[in-house]
Amino acid sequence: MTTVRLNSADPVSVDTDALIVGFTSGPDGPAPATGAESLESAFGGKLAASLGAVAFTGKAGELAKLPTFGAIAAPLLVAVGLGDSPDPEGLRRAAGAAVRSLAGTARAALALPAGTPEEAEAVALGGLLGAYSFARYRTNGEQKAPVGELTVVSGQPAGVAERAGVLAESVALVRDLVNTPPSDLWPAKFAEIAEQAGAQAGLTVEVLDEKQLKDGGYGGLIGVGQGSANPPRLVRVSYSHPEAGKTLAFVGKGITFDSGGLSLKPSASMDWMKSDMGGAAAVLGAVVGIARLGLPVNAVGYLCLAENLPSGTAQRPSDVIHSYSGKTVEVLDTDAEGRLVLMDGIARAAEDGPDLIVDIATLTGAQIVSLGWRTAGVMANDDAVRELVVEAAQAAGEGAWGMPLPEELRKGLDSPIADLANLHPERWGGMLTAGIFLKEFVPDGVRWAHIDMAGPAFNKGEPYGYIPKGGTGAFTRTLIGLAERHASL
């Protein structure tokens with residue numbers, strides 16, 4: 001695991017293998033950003049001009065590498081563009097991109113704007129997230145190891161780096177889980193990992209197996225998981241603080257592999273369905289992070305784990321299942337399974353008397369159609385709650401957009417034989433109708449929000465900023481940020 005520390009020394013003299021320097025863009029070309037002014041004189045006033053000669057402009061995300069020829073202590077200088085005026089997310093992305101480009105380097109220092117605690121944390125966190133690597137299954141040794149030691153040039157307190165380390169490790173846990181192939185991560189195995197991670201963080205962990213789920217009336221989890229040889233699990237992880245005045249409950253969709261069940265997905269849509277447990281992973285990572293930060297808030301997480309496969313025992317379209325809340329649901333499409341496990345988790349979470357329930361899921365392809373790969377949809381039964389979640393996501397640098405729950409769409413979930421159906425007969429507004437379905441299982445008076453992150457949870461394209469290819473760890477930091485906001489109320 002990459003480590004990070006803060007050092008207030010002049011970046012010119014920092015002992016490191018590579019020095020990362022921020023440059024802003026302007027009408028006269030790139031200019032050293034705050035924290036790197038001394039470098040220009042160390043290079044005889046020619047650094048910016050040299051970068052301009054290799055077409056480096058300081059545009060956000062740009063990278064250029066130059067040998068230093070002894071002008072500074074570090075043998076290699078990495079210039080990273082910050083654009084006009086970088087905010088914390090711009091700093092995170094710049095740090096992440098630069099550190100990722102240095103894979104195979106043992107040590108790197110970041111001389112980016114870090115004059116405030118918020119800036120210093122952004123630089124440290126971006127660097128740590130950019131250093132992430134998932135090489136568990138590599139046997140040829142060709143993949144370069146990430147940077148092992150990071151130094152942030154800043155005079156801010158050491159606690160800033162410690163907090164960044166906790167956040168980065170929480171996200172790394174989530175990324176590792178999402179990247180793990182389903183052959184090595186089935187519901188019981190996921191539950192075992194949750195028990196181990198929970199024990200290390202001082203959490204209370206409870207696991208319900210398939211018999212307990214059946215006896216307890218968790219019809220959604222049983223129905224979705226009954227087609228697999230790997231039975232479902234419901235994991236409850238909880239953290240309490242003696243000074244807590246608020247309780248948050250997080251509910252995560254944990255489909256360890258989603259074939260679509262008997263409503264089989266096309267093969268082209270199946271190869272990345274190992275990521276369909278990203279919501280449960282984010283919940284686990286968030287509660288672990290909340291505990292490690294010692295936030296004065298109570299946090300309860302529910303991991304709704306099942307494997308959705310077709311077989312002779314799988315649930316069928318037209319089956320009716322009895323949910324934990326007591327409501328019955330007609331299953332029209334077995335590939336609309338995430339909402340079936342979440343409905344049980346939400347109803348169970350409500351029994352903890354939380355001040356807020358947030359469910360998080362890779363729920364609908366309609367989210368990607370509506371908002372793209374990087375922006376999640378946020379729905380809620382209270383406008384203020386919806387905006388609170390969106391603001392927390394934006395503060396964390398995670399794309400989120402508030403969406404409505406139109407009343408007229410509810411009628412499309414009516415069933416002729418059950419309390420409601422799990423799918424609207426029309427394809428339009430699929431992300432919204434999924435949210436409306438989940439709302440049916442939230443008791444009156446309970447504040448609730450739903451995050452659909454089908455796109456943001458998994459990056460199928462090339463890495464960018466601090467986001468790697470594959471599992472992103474999306475919205476782990478948003479959930480922790482929500483806990484921090486409630487801790488201060």
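This is a predicted model: local features need pLDDT of at least 70, side-chain atom pairs count only at pLDDT 80 or more; totals for chains, interfaces and linings use all residues.
Mentor: Before we look at any feature taken from UniProt, keep in mind that such annotations may be inferred rather than shown by experiment, and that their positions are given here in the numbering used for this chain.

Trainee: Which residues does the annotation "domain: Cytosol aminopeptidase" cover?

Mentor: According to the UniProt record, an unreviewed entry, this feature covers residues 173-480.

Trainee: What does the domain assignment of the protein give?

Mentor: The domain assignment gives domain 1 as residues 3-152 and domain 2 as residues 167-488, and the centres of these two domains, taken over C-alpha atoms, are separated by 36 Å.

Trainee: How should I read the area buried between domain 1 and domain 2?

Mentor: The general idea is that the size of an interface is often given as the accessible area lost when the parts come together. In this structure about 1500 Å² is buried between domain 1 and domain 2, and carbon and sulfur atoms give 61% of that area. On the side of domain 1, Arg-100, Leu-129 and Tyr-132 lose the most area to domain 2, and together they make up 41% of what that side buries.

Trainee: How many residues of each domain are in contact, and how many residue pairs are in polar contact across the interface?

Mentor: Contact joins 16 residues of domain 1 with 19 residues of domain 2, and ten residue pairs are found in polar contact across the interface. On the side of domain 1 that touches domain 2, helix H3 (88-100) and helix H4 (117-130) each supply at least two residues, and by class that side has seven nonpolar, three polar and six charged residues.

Trainee: How many salt bridges are there between domain 1 and domain 2?

Mentor: Between the two domains the count is zero, although the rule gives 27 salt bridges in the model. One of these is formed by the side chains of Arg-236 and Glu-206, at 3.0 Å from N to O. This pair links distant parts of the chain, with Arg-236 in strand S9 (residues 233-239) and Glu-206 in strand S8 (residues 204-208), 30 residues apart.

Trainee: Which residues is Ile-222 in contact with, leaving aside its neighbours within four places in sequence?

Mentor: Ile-222, which is found in helix H8 (residues 219-225), is then in contact with Glu-210, Leu-213, Lys-214 and Pro-232.

Definitions and conventions: Residues are numbered from 1 along each chain as its sequence is written. Side-chain values use heavy atoms; hydrogens and water are left out. Domain bounds come from an automatic or database domain assignment. Contact means heavy atoms within 4.5 Å. Buried area is the accessible area (1.4 Å probe) that two parts lose on being put together, summed over both. A salt bridge is a side-chain nitrogen of Lys or Arg within 4 Å of a carboxyl oxygen of Asp or Glu. A polar contact is a pair of N or O atoms within 3.5 Å; within protein, one must be able to donate a hydrogen and the other to accept it, and residues adjacent in sequence count only if both atoms are side-chain atoms. Helices (H or I, at least four residues) and strands (E, at least two) are DSSP runs, numbered from the N terminus. Ala, Val, Leu, Ile, Met, Phe, Trp, Tyr, Cys and Pro count as nonpolar, Asp, Glu, Lys and Arg as charged, and the others, Gly among them, as polar.
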